Amino acid sequence: MRVLVTGGAGYIGSHLVDRLVGMGHFVTVIDDLSTGFAVNLSQSRRAIDFHHESILNSNVVERCVERSDIVFHLAAGVGVQNIIQDPLRALLVNTRGAENVIESCSRFQKRLLLASTSEIYGKTNKLPMSEDDDRVLGSTTVIRWGYSTAKALDEHLALAYSTVGLKVSIVRYFNSYGPRIDPRGYGSVVARFLGQALRGEPLTVLGDGSQSRCFTYVDDTVEGTLCAALSSAAEGMVFNIGNDAETTILDLAQIIIGLTGSQSAIRFIPYEERFGRGFEDTQRRVPDVRRAAEVIGFRAG
């Protein structure tokens with residue numbers, strides 16, 4: 001097939017590109033390299049058509065979508081630190097940019113896989129988090145909730161287009177980690193801890209470290225993405241893509257120190273020191289993985 005991957009030079013996107021190329025597909029990538037890196041595509045660079053462009057460029061998006069059979073939309077402003085530092089750009093990319101992709105897919109009748117996020121659920125206390133659960137968010141004055149809101153708008157728009165014929169599936173990623181991980185993006189705590197441990201620096205744990213996440217290896221993230229994209233049964237549906245094994249951030253720090261053989265200490269810092277005043281976090285984030293298992297046959301290893 002002719003496949004378009006937006007955000008294909010990013011951490012997850014580049015692994016997806018490598019997998020698609022390995023499957024024999026012709027892959028086009030759109031990435032403005034704001035959070036992605038050209039080196040991430042070194043394995044597949046000669047086999048792809050790369051466009052160093054933003055998805056805000058509707059003309060480029062339209063041309064690339066028109067000549068594709070299926071579109072994987074992963075391009076987004078990601079990473080809490082990025083969102084806080086440049087909220088306007090993140091909101092524009094995550095809404096206007098996504099609209100360009102979704103509208104083009106509808107116009108040219110192309111299959112779409114829309115990548116979303118576990119941030120959708122906000123700070124709900126309901127666990128595990130199921131795809132149809134209510135969202136619980138903080139005030140609009142708290143910048144981090146803009147990311148969740150923008151991605152929810154993308155989901156609403158894609159599902160609205162599905163009522164007029166768009167074939168789309170949506171995946172919500174839960175803390176992916178693995179090679180090429182960027183400290184500014186998905187699963188950034190893993191990258192940050194690894195870097196600190198390897199440099200012999202203290203591992204900076206936010207709060208008391210009791211907050212927990214479910215970490216998912218990138219190969220599983222890509223596999224779940226492909227399962228949702230290539231299954232007709234998945235059309236018009238939303239899927240959690242993640243591991244349901246919970247790990248506290250403090251335990252993660254201790255695991256990484258042990259695995260790297262580092263002599264690093266653990267330093268606890270308040271959220272405000274890293275993200276500024278008024279920051280809100282989710283204490284626990286655990287996906288309900290039953291739908292993915294039952295509908296598309298995916299379960300993280």
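**View 1. The largest pocket holds about 240 Å³ of space.** This is a predicted model, in which local features need pLDDT of at least 70, side-chain atom pairs count only at pLDDT 80 or more, and totals for chains, interfaces and linings use all residues. Residues are numbered from 1 along each chain as its sequence is written, and side-chain values use heavy atoms, with hydrogens and water left out. A pocket here is an open set of points on a 1 Å grid over the protein atoms alone, with protein on both sides within 12 Å along at least five of seven lines, and lining residues have an atom within 4 Å of a point. Grid points are joined across faces, edges and corners, and a volume is the space filled by probe spheres set on the points.

View 2. Helix 8 gives the most, with five residues. Among the lining residues you can look for Tyr-177, Phe-215, Asn-243 and Leu-252. By class, the lining has nine nonpolar, three polar and no charged residues. Nonpolar covers Ala, Val, Leu, Ile, Met, Phe, Trp, Tyr, Cys and Pro; charged covers Asp, Glu, Lys and Arg; the others, Gly among them, are polar.

**View 3. The second largest pocket holds about 200 Å³ of space.** Its lining has 15 residues, and Thr-140, Val-142, Ile-143, Trp-145 and Gly-146 are the closest to its centre. Helix 4 (87–107) and helix 5 (145–162) are the elements that give two or more residues to this lining. Nine of the lining residues are nonpolar, six are polar and none is charged.

View 4. A cavity is a set of points where a 1.4 Å probe fits but cannot get out. Of the 31 residues that line this one, Gly-7, Gly-10, Thr-35, Leu-74 and Ala-76 lie nearest its centre. Helix 1 (11–22) and helix 4 each supply at least two lining residues, and helix 1 gives the most, with three. The lining comprises 13 nonpolar, 11 polar and seven charged residues.

**View 5. Helix 7 is largely enclosed by the rest of the structure, because 10 of its 13 residues are buried.** Buried means under 20% relative accessible area (1.4 Å probe, protein chains only). Val-218, Asp-220 and Leu-226 are among the buried residues.

Notes:
Helix = DSSP H or I, 4+ residues; strand = E, 2+ residues; numbered from the N terminus. Buried < 20%, exposed > 50% of the residue type's maximum accessible area, 1.4 Å probe, protein only.
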